Amino acid sequence: MLITYETSRKKSEIRKYSVYFLIVVITGLFQVVLVKFFSVGGITPDLLLILCIWFSLSEGQLKGLFFAFVVGTYFDIISFDVIGTNTLAKITAALIAGWFFGENKINRNLGTYRFIIIVFIASFFHNIIYYFIHIEFSQISFIPFFFKYGVAISTYTSIVTLIPMLLKFQRNKIIIS
Amino acid sequence: MQRFLKFVKAYKEYFTFVVLVIASLYLISIGDVTRLGGFRTVVIGSIGWLQEMFAWLPDTGALQTENKALRDLNLQLSNEVIKMRTAIIENQKLREMVNLQSEMGFDAITAEVVGKTIIETRNYYTISKGYKDGIYEGMAVRSDAGLVGVISGSTKNYSLVELINNKNVKIAALLQRSRYDGILVWEGGEYFQLKNIPKSWDVRKGDTIVTSNYSNKYPKNIPLGIVVSKRELPGDIYARINVRPFANFLTLEQVFVLKYIPDPERLKLINQIDYKLQLRKRASSY
């Protein structure tokens, strides 16, 4: 009985991580190929970041860090960026998001406005780190840099977070009902 | 040791974070990973194929950016075209001036026209050279086309040119073809008038007028203008001849100052006779 339980638990874990893997691959390709069509003033939302934060909030901070490391490296490869830049930024975001993790808070964190706020905060620090590496401060002074790369991109990413948040919210409602 | 392990276990997330940050920084520091080169090529190819699949979708952001860049480039190129055209014209003018300088027979100092002035109804140019460049009062000034005027004063860096289109200016002129002498004057308007030419003298439309040897103020054989019309008025023994000057006073930008000073002895003789005649005139009027 225990063995059966363990086997089925492992199978469901494998299935879960396979689904995550697929989502990461598809989201990464979507981010590289299609997200530019949704740009507003040259700003695009970071879908993989939303995914990393989602993972941190549902699986915990430690697993979130490893997940973010893998996702960041993957994204650096497919976006022809310097390998390590997205990695560094995403593990920082995963660390910050992981502070909000709680076993009994998963539904509340993911299915309510809390998710949007957590994404905004984590995204803000993610973008500051990422663009700090890329931008030369001779091209732009700090305040425009702060507002464009810190606030604006985070805001747009948070707005897009509404979609998974509402999906989770609907699912929670179905489960409760 | 156990306490250390306990400590690490308690803060495992932070230790993991630090290790992963170090790994990320290491990846950044090694830059372009050549070992991934082949794999990256496959990735580039796949992404490129995917992007091509969606290339038909209009990307307004990219179009806006491209349009702005093209507008900026267009402006920059049109400015460069204007500069190049100006440079071509200037180049042509300078070439003509260089050729002319070698033909003139006088040493000449080139100068730019920096100002145009009217003093007591007389027209003057200010040029950008003065006595430190060897320019003195009395020197004739011409353009590549023809006579412009005479230096009426100079300071260290600037000189004033009295133009020939002034009512007090009289120039001893010569019809180049028929070798007849006359006096070229300006009575206002577009044309000069060639005076003291009898009706019977051979003067035709298109004849070139040059400065005459009789002029003490200007060197000889400097082009003045071209005959545009000859009218014979009844009761007048002289023909009325209109001459268009070669020099275009409206568009002149560069001039030559001829290092020619009128012969002082000749000037002195003329002034002496002029003075005597004036005294005689005054005496006869009393």
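Predicted model: local features only at pLDDT ≥ 70, side-chain atom pairs only at ≥ 80, totals over all residues.
How many residues does helix α2 of chain A have, and how far does helix α2 reach from its first C-alpha to its last? Helix α2, residues 47-59 of chain A, has 13 residues and reaches 18 Å, close to the 18 Å expected at 1.5 Å a residue, where the expected span is 1.5 Å times one less than the number of residues.

Residues are numbered from 1 along each chain as its sequence is written, chains are lettered from A and ligands numbered from 1 in the order in which they are written, and side-chain values use heavy atoms, with hydrogens and water left out. Helices (H or I, at least four residues) and strands (E, at least two) are DSSP runs, numbered from the N terminus.

Staying with α2(A), 13 of its 13 residues are buried, and buried here means under 20% relative accessible area, with exposed over 50% and partly exposed in between, for a 1.4 Å probe and protein chains only. At the N-terminal end, Asp46(A) caps the helix, with a side-chain oxygen 3.3 Å from the backbone nitrogen of Leu48(A). Just after the helix, Gly60(A) takes a positive phi of about 110°.

Now to the neighbouring helix. The axes of α2(A) and α3(A), the latter being residues 61-78, come within 7 Å and cross at roughly 160°, the axes being lines fitted to C-alpha atoms over the stretch in contact, with angles from 0 to 180 degrees between N-to-C directions. The two helices are therefore roughly antiparallel, a description used for angles over 145 degrees. The contact, meaning heavy atoms within 4.5 Å, involves Leu48(A), Phe55(A) and Glu59(A), among others, from α2(A), and residues including Phe67(A), Val71(A) and Phe75(A) from α3(A).

Turning to chain B, there are five helices and 12 strands, and of its 286 residues 33% count as buried. Of the contacts in chain B with a separation of 6 or more, 57% are between residues 24 or more positions apart.

Most residues other than glycine have a negative phi. Against that background, Arg179(B), in the loop between β6 and β7, has a positive phi near 65°, and at 48% relative accessibility Arg179(B) counts as partly exposed. Asn196(B), in the loop between β8 and β9, likewise has a positive phi of about 65°, and is partly exposed with a relative accessible area of 41%.

Definitions and conventions
Polar contact = N/O pair within 3.5 Å; in protein donor to acceptor, adjacent residues only side chain to side chain. Parallel < 35°, antiparallel > 145°, perpendicular 65-115°, else oblique.
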